[in-house]
Amino acid sequence: MSALRWLSPSIPLWLLLAGLLALGLVMMSFAGVRLSQLGLRPWSEWSTTEKSYFCQVVAAANIVFPILLAAPLGNRIAQAGLASSLANVVVPYLLFGFYQELVYRAMVQTEAVCRWGSLAGVLVANLLYTFGPLHWDYFASPASLAVPMFASIFAIGLFFGVLYRRSGNLWIVAAFHAIGNAYIVLSLGPTR
(Lines give C-alpha, C1' and ligand atoms only; values in the text may rest on other atoms or scores of the structure.)
Protein backbone atom coordinates (compact mmCIF):
# COMPACT_ATOMS: atom_id res chain seq x y z
CA MET A 1 0.00 0.00 0.00
CA SER A 2 2.90 2.35 0.67
CA ALA A 3 3.76 1.99 -3.02
CA LEU A 4 0.50 3.80 -3.82
CA ARG A 5 0.91 6.62 -1.32
CA TRP A 6 3.68 8.33 -3.29
CA LEU A 7 1.39 8.64 -6.30
CA SER A 8 -0.68 11.31 -4.66
CA PRO A 9 -0.53 11.81 -0.92
CA SER A 10 -3.29 14.44 -1.16
CA ILE A 11 -5.88 12.08 -2.69
CA PRO A 12 -7.78 10.00 -0.12
CA LEU A 13 -6.62 6.39 -0.26
CA TRP A 14 -10.14 5.03 -0.82
CA LEU A 15 -10.55 7.32 -3.85
CA LEU A 16 -7.14 6.36 -5.27
CA LEU A 17 -7.92 2.65 -4.91
CA ALA A 18 -11.42 3.02 -6.35
CA GLY A 19 -9.84 4.77 -9.33
CA LEU A 20 -7.26 1.99 -9.81
CA LEU A 21 -9.97 -0.65 -9.61
CA ALA A 22 -12.12 1.23 -12.13
CA LEU A 23 -9.11 1.74 -14.41
CA GLY A 24 -8.36 -1.99 -14.36
CA LEU A 25 -11.95 -2.85 -15.27
CA VAL A 26 -12.07 -0.21 -18.02
CA MET A 27 -8.78 -1.48 -19.47
CA MET A 28 -10.17 -5.00 -19.59
CA SER A 29 -13.32 -3.82 -21.36
CA PHE A 30 -11.21 -1.94 -23.93
CA ALA A 31 -9.29 -5.19 -24.47
CA GLY A 32 -12.62 -6.87 -25.27
CA VAL A 33 -12.77 -8.91 -22.08
CA ARG A 34 -16.22 -9.29 -20.55
CA LEU A 35 -16.63 -9.09 -16.78
CA SER A 36 -17.95 -12.66 -16.75
CA GLN A 37 -14.68 -13.84 -18.34
CA LEU A 38 -12.86 -12.40 -15.32
CA GLY A 39 -15.12 -14.27 -12.93
CA LEU A 40 -17.35 -11.29 -12.17
CA ARG A 41 -20.64 -13.04 -12.82
CA PRO A 42 -23.95 -11.78 -11.41
CA TRP A 43 -25.28 -13.45 -8.25
CA SER A 44 -28.11 -15.01 -10.27
CA GLU A 45 -25.56 -17.06 -12.24
CA TRP A 46 -23.77 -18.43 -9.16
CA SER A 47 -24.29 -22.06 -8.26
CA THR A 48 -26.03 -22.93 -5.01
CA THR A 49 -22.67 -24.13 -3.67
CA GLU A 50 -20.99 -20.82 -4.50
CA LYS A 51 -23.77 -18.85 -2.81
CA SER A 52 -23.64 -21.10 0.23
CA TYR A 53 -19.84 -20.91 0.63
CA PHE A 54 -19.84 -17.16 0.11
CA CYS A 55 -22.51 -16.55 2.75
CA GLN A 56 -20.88 -18.94 5.21
CA VAL A 57 -17.40 -17.47 4.86
CA VAL A 58 -18.54 -13.84 4.98
CA ALA A 59 -20.60 -14.55 8.09
CA ALA A 60 -17.81 -16.58 9.72
CA ALA A 61 -15.16 -13.94 8.93
CA ASN A 62 -17.31 -11.23 10.44
CA ILE A 63 -17.64 -13.28 13.62
CA VAL A 64 -14.16 -14.84 13.90
CA PHE A 65 -12.03 -11.77 13.07
CA PRO A 66 -13.78 -9.49 15.59
CA ILE A 67 -13.46 -12.15 18.29
CA LEU A 68 -9.80 -12.96 17.59
CA LEU A 69 -8.80 -9.33 17.09
CA ALA A 70 -11.16 -7.74 19.62
CA ALA A 71 -8.52 -5.91 21.68
CA PRO A 72 -6.51 -4.38 18.81
CA LEU A 73 -9.68 -3.54 16.85
CA GLY A 74 -11.17 -1.87 19.91
CA ASN A 75 -7.96 0.09 20.53
CA ARG A 76 -7.76 1.27 16.93
CA ILE A 77 -11.38 2.39 16.85
CA ALA A 78 -11.01 4.07 20.25
CA GLN A 79 -7.93 5.98 19.05
CA ALA A 80 -9.05 6.94 15.57
CA GLY A 81 -12.82 6.83 15.90
CA LEU A 82 -15.23 4.64 13.97
CA ALA A 83 -15.79 7.03 11.06
CA SER A 84 -12.07 7.63 10.59
CA SER A 85 -11.31 3.89 10.83
CA LEU A 86 -13.92 3.12 8.19
CA ALA A 87 -12.82 5.91 5.84
CA ASN A 88 -9.07 5.47 6.21
CA VAL A 89 -8.68 1.71 6.66
CA VAL A 90 -11.75 -0.47 6.11
CA VAL A 91 -13.01 1.00 2.82
CA PRO A 92 -9.54 1.39 1.21
CA TYR A 93 -8.46 -2.11 2.17
CA LEU A 94 -11.74 -3.64 1.00
CA LEU A 95 -11.11 -1.96 -2.37
CA PHE A 96 -7.46 -3.00 -2.33
CA GLY A 97 -8.41 -6.66 -1.83
CA PHE A 98 -10.66 -6.50 -4.88
CA TYR A 99 -7.98 -4.72 -6.90
CA GLN A 100 -5.31 -7.31 -6.00
CA GLU A 101 -7.56 -10.17 -7.03
CA LEU A 102 -8.53 -8.44 -10.28
CA VAL A 103 -4.85 -8.04 -11.19
CA TYR A 104 -3.29 -11.24 -9.86
CA ARG A 105 -6.09 -13.78 -10.31
CA ALA A 106 -8.32 -12.47 -13.09
CA MET A 107 -5.56 -11.00 -15.25
CA VAL A 108 -2.18 -12.59 -14.43
CA GLN A 109 -3.33 -16.05 -13.34
CA THR A 110 -5.83 -16.40 -16.18
CA GLU A 111 -3.16 -15.58 -18.75
CA ALA A 112 -0.52 -17.76 -17.06
CA VAL A 113 -2.93 -20.72 -16.96
CA CYS A 114 -3.68 -20.25 -20.67
CA ARG A 115 0.04 -20.24 -21.48
CA TRP A 116 1.41 -22.90 -19.11
CA GLY A 117 -1.50 -24.92 -17.72
CA SER A 118 -3.24 -24.89 -14.35
CA LEU A 119 -0.43 -25.92 -12.01
CA ALA A 120 2.31 -23.70 -13.46
CA GLY A 121 -0.12 -20.83 -14.09
CA VAL A 122 -1.40 -20.74 -10.52
CA LEU A 123 2.14 -21.05 -9.12
CA VAL A 124 3.63 -18.35 -11.36
CA ALA A 125 0.80 -15.91 -10.60
CA ASN A 126 1.14 -16.63 -6.89
CA LEU A 127 4.90 -16.14 -6.93
CA LEU A 128 4.42 -12.78 -8.67
CA TYR A 129 1.78 -11.87 -6.09
CA THR A 130 3.93 -12.97 -3.14
CA PHE A 131 7.24 -11.43 -4.20
CA GLY A 132 5.93 -8.61 -6.40
CA PRO A 133 5.59 -4.91 -5.72
CA LEU A 134 2.69 -5.27 -3.29
CA HIS A 135 4.93 -6.91 -0.72
CA TRP A 136 8.35 -5.36 -1.46
CA ASP A 137 8.45 -3.79 2.01
CA TYR A 138 9.20 -7.22 3.48
CA PHE A 139 12.47 -7.55 1.54
CA ALA A 140 13.87 -4.79 3.78
CA SER A 141 12.58 -6.46 6.96
CA PRO A 142 14.62 -8.73 9.22
CA ALA A 143 14.43 -12.40 8.22
CA SER A 144 12.50 -13.16 11.41
CA LEU A 145 9.63 -11.08 10.00
CA ALA A 146 10.14 -11.48 6.25
CA VAL A 147 10.24 -15.28 6.09
CA PRO A 148 6.98 -15.89 8.00
CA MET A 149 5.27 -13.04 6.12
CA PHE A 150 6.31 -14.34 2.69
CA ALA A 151 5.33 -17.88 3.71
CA SER A 152 1.89 -16.78 4.90
CA ILE A 153 1.33 -14.51 1.88
CA PHE A 154 2.30 -17.40 -0.41
CA ALA A 155 0.01 -19.87 1.40
CA ILE A 156 -2.99 -17.53 1.42
CA GLY A 157 -2.32 -16.52 -2.19
CA LEU A 158 -2.12 -20.17 -3.21
CA PHE A 159 -5.47 -20.82 -1.53
CA PHE A 160 -6.99 -17.86 -3.38
CA GLY A 161 -5.42 -18.98 -6.67
CA VAL A 162 -6.73 -22.53 -6.38
CA LEU A 163 -10.15 -21.31 -5.27
CA TYR A 164 -10.36 -18.94 -8.24
CA ARG A 165 -9.14 -21.63 -10.64
CA ARG A 166 -11.71 -24.15 -9.40
CA SER A 167 -14.67 -21.77 -9.09
CA GLY A 168 -13.97 -19.19 -11.78
CA ASN A 169 -15.70 -16.76 -9.42
CA LEU A 170 -13.64 -13.66 -8.69
CA TRP A 171 -16.29 -12.20 -6.36
CA ILE A 172 -15.73 -14.98 -3.82
CA VAL A 173 -11.94 -14.71 -3.79
CA ALA A 174 -11.97 -10.90 -3.83
CA ALA A 175 -14.47 -10.69 -0.98
CA PHE A 176 -12.43 -13.09 1.19
CA HIS A 177 -9.24 -11.16 0.45
CA ALA A 178 -10.91 -7.79 1.05
CA ILE A 179 -12.45 -8.81 4.38
CA GLY A 180 -9.13 -10.24 5.59
CA ASN A 181 -7.25 -7.11 4.52
CA ALA A 182 -9.69 -4.77 6.25
CA TYR A 183 -9.71 -6.60 9.58
CA ILE A 184 -6.01 -7.33 9.72
CA VAL A 185 -4.87 -3.85 8.77
CA LEU A 186 -7.43 -2.26 11.08
CA SER A 187 -6.12 -4.38 13.96
CA LEU A 188 -2.49 -3.37 13.28
CA GLY A 189 -2.94 0.24 14.26
CA PRO A 190 -2.05 3.40 12.35
CA THR A 191 -1.17 2.84 8.71
CA ARG A 192 1.92 4.33 7.15
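1. Surface. The protein chain exposes about 10,500 Å², and carbon and sulfur atoms supply 72% of it. Accessible areas come from the Shrake-Rupley method with a 1.4 Å probe, and for residues only the protein chains shown count as cover. The model is predicted: local features need pLDDT of at least 70, side-chain atom pairs count only at pLDDT 80 or more, and totals for chains, interfaces and linings use all residues. Residues are numbered from 1 along each chain as its sequence is written, and side-chain values use heavy atoms, with hydrogens and water left out.

2. Fold. The protein chain has eight helices and zero strands. Helices (H or I, at least four residues) and strands (E, at least two) are DSSP runs, numbered from the N terminus. The C-alpha trace spans about 45 × 40 × 35 Å along its principal axes.

3. Burial. Of the 192 residues, 38% count as buried. Buried means under 20% relative accessible area, exposed over 50%, and partly exposed in between (1.4 Å probe, protein chains only).

4. Helix α3. This helix covers residues 48-68, 21 residues in total. From first C-alpha to last it reaches 30 Å, close to the 30 Å expected at 1.5 Å a residue. The expected span is 1.5 Å times one less than the number of residues. Glu50, Phe54 and Ala61 of α3 are buried. The cover over the buried residues of α3 includes α7 (143-167) and α8 (170-188).

5. Trp14. This residue lies in helix α2 (residues 13-30). Trp14 is partly exposed, with a relative accessible area of 39%.

Note on methods:
Contact = heavy atoms within 4.5 Å.
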